[in-house]
Amino acid sequence: MARPIRLEFSGALYHVTARGNARQDIYVDDKDRRYFLETLSYCTKTYHWQCHAYCLMSNHYHLLIETGDANLSKGMRHLNGVYAQYFNTRHKRVGHLLQGRFKAILVEKESYLLELARYIVLNPIRARMLHSASGWPWSSYRPTAGLAEIPPCLTTEWILQAFSDNLKSSRTGYEQFIAEGSNQPSPWEKLRNQIYLGSDQFIEAAQRHLEPNRKLTETPRPQRLKPIKPLSHYQETYKNRNQAMARAWLDGHYSLSQIGEHFGCGRSTVNRAVKAFRGKWET
């Protein structure tokens with residue numbers, strides 16, 4: 001059976017997993033997990049990724065990664081390669097740590113980011129390791145909910161702003177959303193062609209990145225789209241500050257906080273500009 005395609009482009013969102021070879025554990029203790037998150041932090045900074053959620057289990061991990069450039073495979077080679085080398089050296093072992101290639105599902109951000117972020121942090125619950133997501137220190141639940149320090153690898157703005165502009169209220173909304181997830185159906189019931197999680201329109205748009213006449217069972221060469229525009233581009237292009245901020249947010253590469261910091265205002269100001277612009281745009 002041919003390998004599923006690997007679509008890579010600027011602004012893509014992926015659910016990424018990798019498992020231990022022969023189902024062996026890939027983390028022996030907390031020191032291993034800390035090193036993995038440190039390596040992930042290096043990758044998010046170096047490869048311009050945003051990690052919206054993560055969960056480190058015993059013999060596998062889950063990541064929700066948004067790529068700024070068409071470089072998922074390159075970054076994952078670094079993440080898995082550096083960690084495997086560290087693990088083998090520290091535990092005096094040889095051979096493959098991980099089972100084959102990592103698995104990546106291309107995700108429609110607007111429809112499934114929140115659902116997958118919830119699915120990821122509920123992994124320990126589904127494994128019957130504990131009864132509450134807050135009891136597992138090696139997922140993004142605690143830092144997103146404000147119960148632990150946010151690690152450098154994690155981006156929380158996109159998830160929290162879905163619930164409220166107020167930080168305290170957004171964290172409360174997030175906690176409630178996660179608590180309600182135990183009885184939700186698996187998002188993988190909607191998986192298409194082994195690699196797509198999204199609407200027909202999303203899949204159609206994603207397939208335009210394939211080379212002409214390439215079969216869906218073949219692995220395409222990574223194709224790079226235009227790089228993310230810097231925030232200064234919006235500032236120079238749109239003389240009206242509110243319009244510039246709204247355009248920057250709607251392009252999907254920056255959080256409210258990042259835009260506000262650049263334009264010298266708060267998240268709520270940016271959010272009001274986006275809502276006002278959307279109102280004019282959609283009428």
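The entries below begin with how the model is to be read.

I am working from a predicted model, in which local features need pLDDT of at least 70 and side-chain atom pairs count only at pLDDT 80 or more, while totals for chains, interfaces and linings use all residues. Residues are numbered from 1 along each chain as its sequence is written, and side-chain values use heavy atoms, with hydrogens and water left out.

I looked up confidence, given as pLDDT (the predictor's confidence in each residue, from 0 to 100). The protein chain averages 87, and 88% of its residues score at least 70. Over residues 212–227 pLDDT stays under 50, and for this stretch the model has 33 contacts beyond four places in sequence, a contact being heavy atoms within 4.5 Å.

I then turned to the cores, each a set of buried (under 20% relative accessible area, 1.4 Å probe, protein chains only) Ala, Val, Leu, Ile, Met, Phe, Trp, Tyr and Cys residues joined through side-chain atoms within 4.5 Å. The largest has 67 residues, and Leu63 is among those with the most contacts inside it. Another core, of 17 residues, lies apart from it and includes Trp249 and Phe263.

Last, I located Gln161 in the loop between helix H6 (157–160) and helix H7 (167–179). Gln161 is buried, with a relative accessible area of 13%, and it touches Trp249, Leu256 and Arg267, not counting residues up to four places away in sequence.

Conventions
Buried < 20%, exposed > 50% of the residue type's maximum accessible area, 1.4 Å probe, protein only. Helix = DSSP H or I, 4+ residues; strand = E, 2+ residues; numbered from the N terminus.
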